[in-house]
Amino acid sequence: MLIDSEEEMEENDISKAVEINSSHVKVIHLLLLFLFMWQSLYQISNAAFTLLLTFFKQFFSLMSVYLGLSTLHQLSEVMPSTLYRAKNFLGHPEDNFKTYVVCPSCHKLYSFSECCKYENRKKVSKTCTFVQ
Ligand SMILES: [Zn+2]
């Protein structure tokens, strides 16, 4: 498979399209399945999950240079770096989970619609109702 979609080309250097074989896609597919299961099992936030994806992509890229392994470079090219791309990679762009905003001080849950208000026609965040 040759990476040639516009979105992938924006992230990667256009001049270095990499020949990717199906085993690379299978390895990343397996890794992503495990990571999504791990995220769900241990209730890992989307932000932490995205950080881990970015870490894996950078780690594969760095190790490919350090160890001189082109296979790791190809894995880094296949590895998605965002949650959106990871879900697309697995063919599940949307999930059925309801997401909440969590107050970092008191851990109260809010829906997204409860978290914003308009001041002078500008959208701003509300303050937690438990903050004193
Ligand atoms: Zn709070």
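Axes are lines fitted to C-alpha atoms, for helices over the stretch in contact, and angles run from 0 to 180 degrees between N-to-C directions. Helices (H or I, at least four residues) and strands (E, at least two) are DSSP runs, numbered from the N terminus. The model is predicted: local features need pLDDT of at least 70, side-chain atom pairs count only at pLDDT 80 or more, and totals for chains, interfaces and linings use all residues. Residue numbers start from 1 along each chain as its sequence is written.

Helix H3 (residues 46-67) packs against helix H4 (residues 70-78) at about 160°, and their axes lie 8 Å apart. H3 and H4 are therefore roughly antiparallel (angles over 145 degrees). From H3, the contact (C-beta atoms, placed from the backbone, within 7 Å) uses Lys-57, Phe-60, Ser-61, Met-63, Ser-64 and Leu-67. From H4 come Ser-70, Leu-72, His-73, Leu-75 and Ser-76.

Strands S3 (residues 116-119) and S4 (residues 122-125) run antiparallel, joined by 4 bridges. Strands count as paired if DSSP finds at least two bridges between them. Lys-117 stands opposite Val-124 in S4.

S3 and S4 form a hairpin, with 2 residues between them. In the turn, Asn-120 has a positive phi of about 55°.

Methods
Parallel < 35°, antiparallel > 145°, perpendicular 65-115°, else oblique. Contact = placed C-beta atoms within 7 Å.
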